[in-house]
Amino acid sequence: MPSIEENQQTWDENYEWAKQGDEWSSSWGGAEAQWVGAILPRIHAFMPTGTILEIAPGFGRWTNYLRTYCDRLIVVDLSEKCIKACQQRFATDSHLEYHVNDGKSLAMIPDNSIDFVFSFDSLVHAEADVMETYLSQLATKLKPNGVGFIHHSNLGKYQQAFSIVEQIPSDMRAEIVNKVLLEPTHWRAPSMTAKLFEEYCDRADLQCIGQELVNWGNEGLLIDSFSLFTPKNSTQSRANQIVENLAFMKEADSIERLAHLYAIKSKKIGS
Ligand SMILES: C[S@@+](CC[C@H](N)C(=O)[O-])C[C@H]1O[C@@H](n2cnc3c(N)ncnc32)[C@H](O)[C@@H]1O
């Protein structure tokens with residue numbers, strides 16, 4: 001169960017960040033290919049814009065692109081090491097603002113100031129209480145027609161199956177069940193689901209307007225969700241639409257297969 005303390009220890013102390021997080025983009029053929037092929041198509045409707053808030057930027061894998069789509073970009077991460085790395089990496093950008101937080105608080109963000117909030121490949125490690133706290137604050141931080149796009153865990157959807165599996169003796173489990181049922185969970189938070197995200201939005205006076213459930217890093221389990229939300233009275237508000245996408249890794253494969261073909265010569269692909 002990834003607690004805030006474990007996240008802090010992992011990202012601030014243990015992880016080496018040898019490639020600034022680009023190592024996680026190899027299935028897509030590199031960070032640029034992943035941004036252009038997998039992320040931008042899902043968020044282009046909301047950018048360029050005035051102020052973007054990025055929660056949990058790490059060493060700035062997506063900050064590097066987001067910064068070109070706004071007048072102001074605020075980044076918040078619980079790791080001081082990550083924020084320092086972003087400050088160095090984007091030292092020439094005067095429109096970036098940096099904050100280290102406690103893994104929950106957005107008190108440093110003025111109310112009614114954010115046009116678009118973004119988080120990708122980070123809050124998948126945040127448990128339900130953290131997600132609820134962030135959403136309750138985002139309701140006041142977003143402008144009236146602001147929109148959020150947050151990548152989070154849906155592993156809780158499989159909690160029942162996992163708890164049954166845990167009752168099977170571990171030697172049998174390894175032989176029979178793990179291979180079939182327990183695909184890699186990539187340190188996803190087991191308490192979080194897309195359904196809970198929708199409920200937390202509702203409680204905070206936000207409307208969840210779209211959720212894409214994806215099989216991140218595996219064949220058959222929709223362990224992640226990309227959730228879109230906006231204030232209930234926003235012009236962007238509409239009934240939630242949920243899409244189950246078991247072809248997410250196939251999409252990555254095809255992006256990866258073509259990435260080198262359309263890259264400019266001086267760029268290293270997949271590094
Ligand atoms: C796997 S890294 C990903 C970083 C970046 N989004 C990327 O894709 O390269 C996870 C990041 O999330 C941050 N993080 C984890 N839990 C957080 C929380 N509750 N609040 C703020 N930052 C958090 C970590 O400090 C780390 O920078």
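W187 is partly exposed because its relative accessible area is 30%, where partly exposed covers the range between buried (under 20% relative accessible area) and exposed (over 50%), with a 1.4 Å probe and protein chains only. The model is predicted: local features need pLDDT of at least 70, side-chain atom pairs count only at pLDDT 80 or more, and totals for chains, interfaces and linings use all residues. Residues are numbered from 1 along each chain as its sequence is written, and side-chain values use heavy atoms, with hydrogens and water left out.

**Backbone geometry**

- Phi of W187 is near 60°, a positive value in a residue other than glycine.
- W187 belongs to the loop between α7 (170–180) and α8 (194–203); helices (H or I, at least four residues) and strands (E, at least two) are DSSP runs, numbered from the N terminus.
- W17 also has a positive phi, near 55°, and is not glycine.
- The loop between α1 and α2 holds W17, and W17 is buried because its relative accessible area is 8%.
- A cis peptide bond joins M47 to P48, with omega near -5°.
- P48 is in the loop between α2 (31–43) and β1 (49–55).

**Aromatic pairs**

- Rings of Phe, Tyr and Trp (its six-membered ring) pair if their centres lie within 6.5 Å; planes under 30 degrees apart count as stacked, over 60 as edge-to-face and the rest as tilted.
- The count by this rule is 26 aromatic pairs.
- F118 and F120 are stacked because their ring centres are 6.4 Å apart and their planes meet at 20°.
- F118 counts as buried because its relative accessibility is 0%, and F120 counts as buried because its value is 3%.
- F120 also forms a stacked pair with F149, at 6.4 Å centre to centre and 5° between the planes.
- This second pair links distant parts of the chain, 29 residues apart: F120 is in the loop between β4 (114–119) and α5 (128–141), and F149 is in strand β5 (residues 142–153).
- F149 is buried because its relative accessible area is 3%.
- One aromatic cluster is formed by W28, W35, W62, Y65, Y69, F118, F120, F149, W216, F226 and F248.

**Ligand surroundings**

- The ligand is surrounded by 20 residues, and the closest are R61, D77, F120, S122 and Y134; a residue is near a molecule if one of its heavy atoms lies within 4 Å of it.
- A side-chain N or O atom of Y134 is 2.6 Å from a nitrogen atom of the ligand, and a polar contact is a pair of N or O atoms within 3.5 Å.
- A backbone N or O atom of A56 lies 3.1 Å from a ligand nitrogen atom.
- A backbone N or O atom of G58 lies 3.4 Å from a ligand oxygen atom.
- Taken alone, the ligand exposes 590 Å², and the protein buries 99% of that; accessible areas come from the Shrake-Rupley method with a 1.4 Å probe.
- The ligand sits in the largest pocket, meaning that more than half of its atoms lie within 2 Å of the grid points.
- A pocket is an open set of points on a 1 Å grid over the protein atoms alone, where a 1.4 Å probe fits, with protein on both sides within 12 Å along at least five of seven lines.
- The elements giving two or more residues to the shell around the ligand are α1 (4–14) and α5.

Note on methods
A polar contact is a pair of N or O atoms within 3.5 Å; within protein, one must be able to donate a hydrogen and the other to accept it, and residues adjacent in sequence count only if both atoms are side-chain atoms. On a 1 Å grid over the protein atoms alone, a cavity is a set of points where a 1.4 Å probe fits but cannot get out, and a pocket is an open set with protein on both sides within 12 Å along at least five of seven lines; lining residues have an atom within 4 Å of a point.
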